[in-house]
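Dear colleague,

I am handing over the structure that you will be working with. Please open the sequence and the model side by side before you read on.

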Amino acid sequence: MRPNEFVSSLRELRFQNVFNPYSDRCAVHDVDDAPSRRASALLQLLETAVATEVDSLWIGRDLGHRGGRRTGLALTDDVHLTIHATRWNVSIERATMGSMVAERTAAVIWSMLALVPAAVFLWNVFPLHPHEPDDPFSNRSHRPHERAVGEALLAELIAMLRPRRLVAIGNDAAKVAYRLAEFTEVVQVRHPSYGGQSDFVRQVKCLYDLRADGEQLKLL
């Protein structure tokens, strides 16, 4: 599957109580052409990554309402959108209006990515934003039928990018990564939420043999 086909497949996905940032527009926070901007951003990243030797594919669980729902990029909030674009040498237009919204998980993820020189692509088991009924600005875990679709797309992504290893962030991501890995190395790290931040930082530092200085660690 080519990057444009991958993004087209994403845009066609429809589930109940799920926001698809590549085809849905949030009437509260989005600019008029927000879905197209998010789809374009993802396509640029994919096209660049395909032409790059990707060291790691970091895998989370779902897009969150403060992060990927707004940016269309896994583990990335408004605050880190430009940094994400710069890392891959692409230009990304913000898809939301008003003040930038920060997400705690994204802050920890990008504090560590700032120390990692290797090419890292970010993704989720379920690449859309699942939410509670009648509460679009909430988060819930994806359901089994949603995970099945997400796993199929993740398998396509792995085949497309051919990363050297999969870094599964949390137990849910690890279960899927081990099923799909075949001959690709899988490394499981603690999710930085719910008291796991210190373990996540330590594990990522060990994985990439990092030596963070005091100023960088203060961000965490």
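This is a predicted model: local features need pLDDT of at least 70, side-chain atom pairs count only at pLDDT 80 or more; totals for chains, interfaces and linings use all residues.

Residues are numbered from 1 along each chain as its sequence is written, and side-chain values use heavy atoms, with hydrogens and water left out.

The pLDDT is the predictor's confidence in each residue, on a scale from 0 to 100. The chain averages a pLDDT of 94, and 96% of the residues score at least 70. Over residues 214-220, however, the pLDDT is below 50, and this stretch has ten contacts in the model beyond near neighbours in sequence, where a contact means heavy atoms within 4.5 Å.

Next, the sheet. Helices (H or I, at least four residues) and strands (E, at least two) are DSSP runs, numbered from the N terminus, and two strands are said to pair if DSSP finds at least two bridges between them. As background, strands of a sheet pair through backbone hydrogen bonds, either parallel or antiparallel. Here four strands form an open sheet in the order 3-2-5-6, and the pairing is parallel. Strand 3 (120-126) and strand 6 (185-189) stand at the edges with a single partner strand each, so one side of each is left without a neighbour in the sheet. Neighbouring strands of this sheet are turned by 25 degrees against each other on average, with direction ignored; axes are lines fitted to C-alpha atoms, for helices over the stretch in contact, and angles run from 0 to 180 degrees between N-to-C directions.

Strand 2 is joined to strand 3 by six bridges, with Asp-62 standing opposite Phe-126 in strand 3. Strand 2 also pairs with strand 5 in the parallel sense, over four bridges, and there the bridge partner of Ile-59 is Ala-168 in strand 5. Strand 2 is mostly covered, since six of its seven residues are buried; buried means under 20% relative accessible area, exposed means over 50%, and partly exposed is in between (1.4 Å probe, protein chains only).

Now the helices. Helix 5 lies across strand 2, strand 3 and strand 5, and runs at about 150 degrees to strand 3. Helix 6 (residues 144-161) lies across strand 2, strand 3 and strand 5, and runs at about 155 degrees to strand 3. Just after helix 6, Arg-162 takes a positive phi of about 50 degrees.

Finally, the salt bridges. The structure holds 16 of them, each being a side-chain nitrogen of Lys or Arg within 4 Å of a carboxyl oxygen of Asp or Glu. In one of them Asp-55 meets Arg-165, with the closest N and O atoms 3.4 Å apart. Asp-55 lies in the loop between helix 2 and strand 2 (56-62) and Arg-165 in strand 5 (residues 165-169), so the pair ties together parts that are 110 residues apart in sequence. Asp-55 is buried, at 13% relative accessible area, and Arg-165 is buried as well, at 8%.

Glu-93 forms a salt bridge with Arg-37, the closest N and O atoms being 3.9 Å apart. Because Glu-93 lies in the loop between helix 4 (81-87) and helix 5 (104-113) and Arg-37 in helix 2 (residues 34-50), this pair ties together parts that are 56 residues apart in sequence. Arg-37 is partly exposed, with a relative accessible area of 22%, and a network of salt bridges links Asp-33, Arg-37 and Glu-93.

With best wishes
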